[in-house]
Amino acid sequence: MQYFVVMIDYGQRGREAVVDPEITRREVVSRIASGEYQNISFIHEIVENAVEDVTEAILSEAALPQIPPEDVDLQAIRLDHTRDLHKHDRT
């Protein structure tokens, strides 16, 4: 039998372990990418009697592309927003 244990940390409200033998690795990745699982403490893969920490591997599979802050042009974003506001005011 193979299943995953996803430990979610809610801070002062405590922790919750999500354990469902029906959830596949792909489903765990999907739930992380969609934001359903957040603040993950660890992810363990259980296969028969063996436990493997797969936290880093699964989190990197689910990672969205990161844009370095220095590549974001805040002035262009502000100007685009202003232009869009003016465009909608004219109609």
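A: Helices (H or I, at least four residues) and strands (E, at least two) are DSSP runs, numbered from the N terminus. The model is predicted, so that local features need pLDDT of at least 70 and side-chain atom pairs count only at pLDDT 80 or more, while totals for chains, interfaces and linings use all residues. Residues are numbered from 1 along each chain as its sequence is written, and side-chain values use heavy atoms, with hydrogens and water left out. By the run rule, the protein has 3 helices and 4 strands, which follow one another along the sequence as β-β-α-β-β-α-α.

Q: What makes E1 and E2 a pair of strands?
A: Two strands pair if DSSP finds at least two bridges between them. Strand E1 (residues 2-9) and E2 are joined by 5 bridges and run antiparallel, so they meet this criterion. One of the residues concerned is Met7, whose bridge partner in E2 is Ala17.

Q: How do you know that E1 also pairs with E3?
A: E1 and E3 share 7 bridges in the antiparallel sense, and they therefore count as paired under the rule of at least two. Within E3, Glu45 stands opposite Phe4.

Q: Why are E2 and E4 called edge strands?
A: The open sheet has 4 strands in the order E2-E1-E3-E4, with antiparallel pairing. Strand E2 (15-19) and strand E4 (50-53) each pair on one side only, and this is what makes them the edges. Neighbouring strands of the sheet are turned by 20 degrees against each other on average, direction ignored.

Q: What angle does helix H2 make with E3, and which strands does H2 lie across?
A: Axes are lines fitted to C-alpha atoms, for helices over the stretch in contact (heavy atoms within 4.5 Å), and angles run from 0 to 180 degrees between N-to-C directions. On that scale, helix H2 (residues 55-62) runs at about 110 degrees to E3 and lies across E1, E3 and E4. Helix H1 (residues 25-34), by contrast, lies across E1 and strand E3 (40-47), running at about 170 degrees to E3.
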